[in-house]
Amino acid sequence: MAIELAMQAAREDEVPVGAVIVHENRAIGAAYNQREMLHDPTAHAEMIAITQAAEAIGDWRLENCTLYVTLEPCPMCAGAILQGRIPSVVYGTRDPKAGAVDSLYQMLGDARLNHRCDVIDGIFSDRCASLLTEFFAAKRAQGKK
């Protein structure tokens, strides 16, 4: 589902990242990047999905939830994951330029913080990475015209 959302983002000329939050085997938050559409630097897929999930369960504590996302969360999103007390994060591909889970920072496992998450990385990594690679290749090609 997160990959389908990422594909939708690409069709809308947004960076192809999709996120889904599951609680008790039910998706309670599902979104894709919407920074361009909303003119909002915080409109990352994870941030929108977290807001939806909190509204769905009526609590900011997203305990017993799992976040599935196609790209390693950035520092902003990792912070929101920690603030929301999301216990599990599953992501597709690493982000060597902005990743805050494994690549540049390890925020979700930092013992100095008040919450930590179980993390599974590399799920459908090739597919998630190719969505991003194809998107940015197309953007570069458009710039040359």
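User: Where does Ile123 lie?

Analyst: Ile123 is in the loop between strand S5 (118–121) and helix H5 (125–143). Helices (H or I, at least four residues) and strands (E, at least two) are DSSP runs, numbered from the N terminus. The model is predicted, so local features need pLDDT of at least 70 and side-chain atom pairs count only at pLDDT 80 or more, while totals for chains, interfaces and linings use all residues. Residues are numbered from 1 along each chain as its sequence is written, and side-chain values use heavy atoms, without hydrogens and water.

User: Why does Ile123 count as partly exposed?

Analyst: Its relative accessibility is 37%. Buried means under 20% relative accessible area, exposed over 50%, and partly exposed in between (1.4 Å probe, protein chains only). Ile123 at 37% is therefore partly exposed.

User: What makes Phe124 exposed?

Analyst: Phe124 has a relative accessible area of 60%, so it is exposed. Phe124 also sits in the loop between S5 and H5. Its phi is positive, about 55°, although it is not a glycine.

User: Which residues form a nonpolar patch on the surface?

Analyst: Ile120, Ile123 and Phe124 form it, with about 310 Å² of accessible area together. Patch members have over 30% relative accessible area and no salt bridge; like charges are joined within 9 Å, nonpolar side chains (Val, Leu, Ile, Met, Phe, Trp, Tyr) within 5 Å.

User: Where is the place of His39?

Analyst: His39 is in the loop between helix H2 (35–38) and H3. Phi of His39 is near 55°, a positive value in a residue other than glycine. At 72% relative accessibility, His39 is classed as exposed.

User: Why are H3 and H4 called roughly parallel?

Analyst: Helix H3 (residues 45–57) and helix H4 (residues 75–83) pack at an angle of about 20°, and their axes are 9 Å apart. Angles under 35 degrees count as roughly parallel, over 145 as roughly antiparallel, 65 to 115 as roughly perpendicular and the rest as oblique. H3 and H4 are therefore roughly parallel. H3 passes H4 in a left-handed crossing.

User: How many salt bridges does a search of the whole structure find?

Analyst: The search finds five salt bridges. The term covers a side-chain nitrogen of Lys or Arg within 4 Å of a carboxyl oxygen of Asp or Glu.

User: What makes Arg61 and Asp59 a salt bridge?

Analyst: Their closest N and O atoms are 3.5 Å apart, and the limit is within 4 Å. Arg61 is partly exposed at 37% relative accessibility, and Asp59 is partly exposed at 30%.

User: Is Asp110 buried or exposed?

Analyst: Asp110 is buried, because its relative accessible area is 18%. Asp110 forms a salt bridge with Arg112, the closest N and O atoms being 2.6 Å apart. Arg112 counts as exposed at 73% relative accessibility.

User: Which residues do salt bridges that share partners join into one network?

Analyst: The network is made of Arg94, Asp102 and Asp121. One of its salt bridges joins the side chains of Asp102 and Arg94 at 4.0 Å, N to O. Asp102 is partly exposed at 26% relative accessibility, and Arg94 is partly exposed at 44%.

User: Why is Ala31 called buried?

Analyst: The relative accessible area of Ala31 is 2%, so Ala31 is buried. Ala31 belongs to strand S2 (residues 26–32). Between Ala31 and Val20 there are 6.6 Å in space, C-alpha to C-alpha, and the two are 11 residues apart in sequence.

Notes. Accessible areas come from the Shrake-Rupley method with a 1.4 Å probe; for residues, only the protein chains shown count as cover. Axes are lines fitted to C-alpha atoms, for helices over the stretch in contact, and angles run from 0 to 180 degrees between N-to-C directions. A crossing is left-handed if the near helix is turned anticlockwise from the far one by less than a right angle, and right-handed if clockwise.
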